[in-house]
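Me: I have a protein model open and would like to learn how to read it. Please take the features one by one, with the general idea before the case.

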Amino acid sequence: MQQMQQALQHMRVIDLTQVLAGPYCTMVLGDLGADVIKVEKYPNGDDSRIMGPYFEEESYSFMMANRNKRGIRLNIKEEAGREILYDLVRSADVFIENYRPGVTKKLGIDYETLRELNPGLIYCSISGYGQTGPYSHKGGYDIMAQGLSGLMSMTGEKNGRPVKNGIAIHDIAAGVTAIYSIMAAYIHKMTTGEGQHIDLSLVDSGLAWTVWESAAYFGAGEVSKANGSAHRVTAPYQGFSTKNGNILVGAGNQKLWEKFCKEVIGREELIDDPRFLTNSERTANLPELEKIIESVLVQQNSQYWLEKLDAAGVPSSPIYQYDEALNDPHIRSRDMVIEYEHPLAGTIQSLGFPAKFSQTPGQIKRPAPLLGQHTREVLQELQYSEETIRQLEENKVI
């Protein structure tokens with residue numbers, strides 16, 4: 001694989017996370033050049049290794065979140081395993097873990113212990129509820145975070161049952177929050193030499209994304225509810241049915257609304273209709289507006305309307321199934337679907353890099369590691385002898 005200069009090529013990350021939030025964070029750091037050493041628990045490794053689908057007995061789910069990492073399998077419950085981890089920490093910039101509070105202390109890998117070995121260490125903890133607070137002791141997955149943050153109550157059709165978001169949005173939010181937090185701490189370390197502890201949770205990370213919803217509550221006491229595809233304060237700005245499917249229309253201001261009426265649906269009289277004169281009135285009378293618009297749109301196919309919307313300059317989009325999204329020519333032109341080689345699975349497809357750097361682009365240097373694939377390599381870098389490595393294997397430490 002082609003090697004180029006990368007922004008984080010001098011950063012070393014020790015990754016003790018599993019499943020999605022932490023692995024997503026460290027995957028992106030690896031994409032940007034960091035040397036990520038993924039430390040998997042002994043003997044079975046990351047829990048996502050047992051999540052399908054499988055290809056040549058390798059979990060595709062694991063492969064999607066763990067490229068650009070070297071992998072070792074280590075029993076940190078054994079003293080010899082912890083000593084290996086300590087050796088890794090001494091050379092690291094970043095240490096990231098996703099244990100519940102108190103577990104790291106029992107294992108001897110808490111921040112206070114590790115910063116004695118490396119004062120410049122950036123130690124990032126990702127957990128369901130954070131390191132403090134009355135829920136900190138509880139285990140938390142993405143779906144619990146969606147419930148506690150209120151996100152599920154805002155998702156789905158009006159007056160319907162709460163609906164889980166289609167993706168693990170709090171996991172990814174936590175991963176993204178960890179990325180920018182680690183980068184900020186890394187910049188601080190570069191200027192001062194100081195490390196620090198970053199405490200973040202799935203709940204907090206997703207809750208921080210509810211920007212408009214918090215504005216509604218803090219500003220007007222309004223509690224956001226599920227509203228289907230409709231926008232809370234703008235109309236028409238939502239999905240509509242056509243003759244053969246569904247499309248999205250974003251007539252998000254007065255000018256676009258008037259263009260939509262005149263140039264798209266041919267209903268200019270709606271502009272002066274007292275029910276729809278302003279955005280506020282359109283939002284207040286949305287049920288009637290939806291019926292009128294949809295009665296026109298169902299007369300033609302989606303492509304017909306999308307072409308008219310484009311010609312009028314009114315933002316619009318098809319509503320794709322996921323396979324359609326991945327095969328859209330624009331998505332493909334942006335290299336958001338890429339291929340690379342895996343030692344067992346062969347040529348595999350993956351999502352590409354969303355940020356396009358002109359000088360230090362993301363790149364794939366290595367596929368997701370096989371379980372324990374780089375253990376020997378990493379220990380040799382730490383100056384462990386072949387005899388010591390053999391004994392560690394025999395003692396089931398590695």
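Reply: Start with charge. Lys and Arg count as positive and Asp and Glu as negative, while His and the chain ends are not counted. The model is a predicted one. By that count the protein has 39 positive and 50 negative side chains. The centres of the two sets lie 2 Å apart.

Me: How many helices and strands does the protein have, and what does the C-alpha trace span?

Reply: The secondary structure comes to 17 helices and 13 strands. Along its principal axes, the C-alpha trace spans about 85 × 45 × 40 Å. The protein exposes about 20,400 Å², and carbon and sulfur atoms supply 52% of that area.

Me: What share of the residues count as buried?

Reply: Buried means under 20% relative accessible area, exposed means over 50%, and partly exposed is in between. Of the 398 residues, 45% count as buried. Contacts in the protein can also be sorted by distance along the chain: among those between residues at least 6 apart in sequence, 68% join residues at least 24 apart.

Me: Which residues is Ala185 in contact with, leaving aside its neighbours within four places in sequence?

Reply: A contact means heavy atoms within 4.5 Å. Ala185 is in contact with Ile122, Gln196 and Ile198 once neighbours within four places are set aside. Ala185 belongs to helix 7 (residues 169-192) and is buried, at 3% relative accessibility. Another way to read its place is by C-alpha distance: Ala185 and Tyr123 are 62 residues apart along the chain, and their C-alpha atoms are separated by 9.5 Å. Glu324 sits in helix 14 (residues 322-326) and is partly exposed, with a relative accessible area of 39%.

Me: Back to charges. How many salt bridges does the structure hold?

Reply: Side chains of opposite charge can pair when their charged atoms come close. The structure holds 22 salt bridges. One of them joins Arg70 and Asp35, with the closest N and O atoms 3.0 Å apart. Arg70 lies in strand 5 (residues 69-74) and Asp35 in strand 2 (residues 35-41), so this pair ties together parts that are 35 residues apart in sequence.

Me: Are Arg70 and Asp35 buried or partly exposed?

Reply: Arg70 is buried, with a relative accessible area of 5%, whereas Asp35 is partly exposed at 22%. Both residues also belong to a network of salt bridges that links Arg12, Asp35, Arg70, Glu377 and Glu381.

Me: What separates Glu387 and Arg390 in helix 17?

Reply: Glu387 and Arg390 are 3 residues apart in helix 17 (residues 386-394), which means about one helical turn separates them. They form a salt bridge whose closest N and O atoms are 2.4 Å apart. Glu387 is partly exposed at 39% relative accessible area, and Arg390 is partly exposed at 35%. A further salt bridge joins Asp47 and Lys41, at 2.8 Å from N to O. Asp47 is partly exposed at 32%, and Lys41 is partly exposed at 38%.

Me: Now the backbone. Which peptide bonds could I look at as cis cases?

Reply: The bond from Gly52 to Pro53 is cis, with omega near 0 degrees, and Pro53 is in the loop between strand 2 and strand 3 (54-55). Another cis bond joins Ala235 and Pro236, where omega is about -5 degrees. Pro236 is in the loop between helix 9 (211-220) and strand 9 (237-241).

Me: What is phi of Val19 and of Asn68?

Reply: Phi of Val19 is near 75 degrees, a positive value in a residue other than glycine. Val19 lies in the loop between strand 1 (12-16) and helix 1 (21-31). For Asn68, also a residue other than glycine, phi is positive and near 60 degrees. Asn68 is in the loop between helix 2 (60-65) and strand 5, and is buried at 2% relative accessibility.

Me: Which residues form a nonpolar patch on the surface?

Reply: Val19, Ile50, Met51 and Tyr54 form such a patch, with about 380 Å² of accessible area together. Val19 counts as partly exposed, at 30% relative accessibility.

Conventions
Residues are numbered from 1 along each chain as its sequence is written. This is a predicted model: local features need pLDDT of at least 70, side-chain atom pairs count only at pLDDT 80 or more; totals for chains, interfaces and linings use all residues. Side-chain values use heavy atoms; hydrogens and water are left out. Patches are made of residues with over 30% relative accessible area and no salt bridge: like charges are joined within 9 Å, nonpolar side chains (Val, Leu, Ile, Met, Phe, Trp, Tyr) within 5 Å. Accessible areas come from the Shrake-Rupley method with a 1.4 Å probe; for residues, only the protein chains shown count as cover. A salt bridge is a side-chain nitrogen of Lys or Arg within 4 Å of a carboxyl oxygen of Asp or Glu. Helices (H or I, at least four residues) and strands (E, at least two) are DSSP runs, numbered from the N terminus. Buried means under 20% relative accessible area, exposed over 50%, partly exposed in between (1.4 Å probe, protein chains only). The place of a charge is taken as NZ of Lys, CZ of Arg, CG of Asp or CD of Glu.
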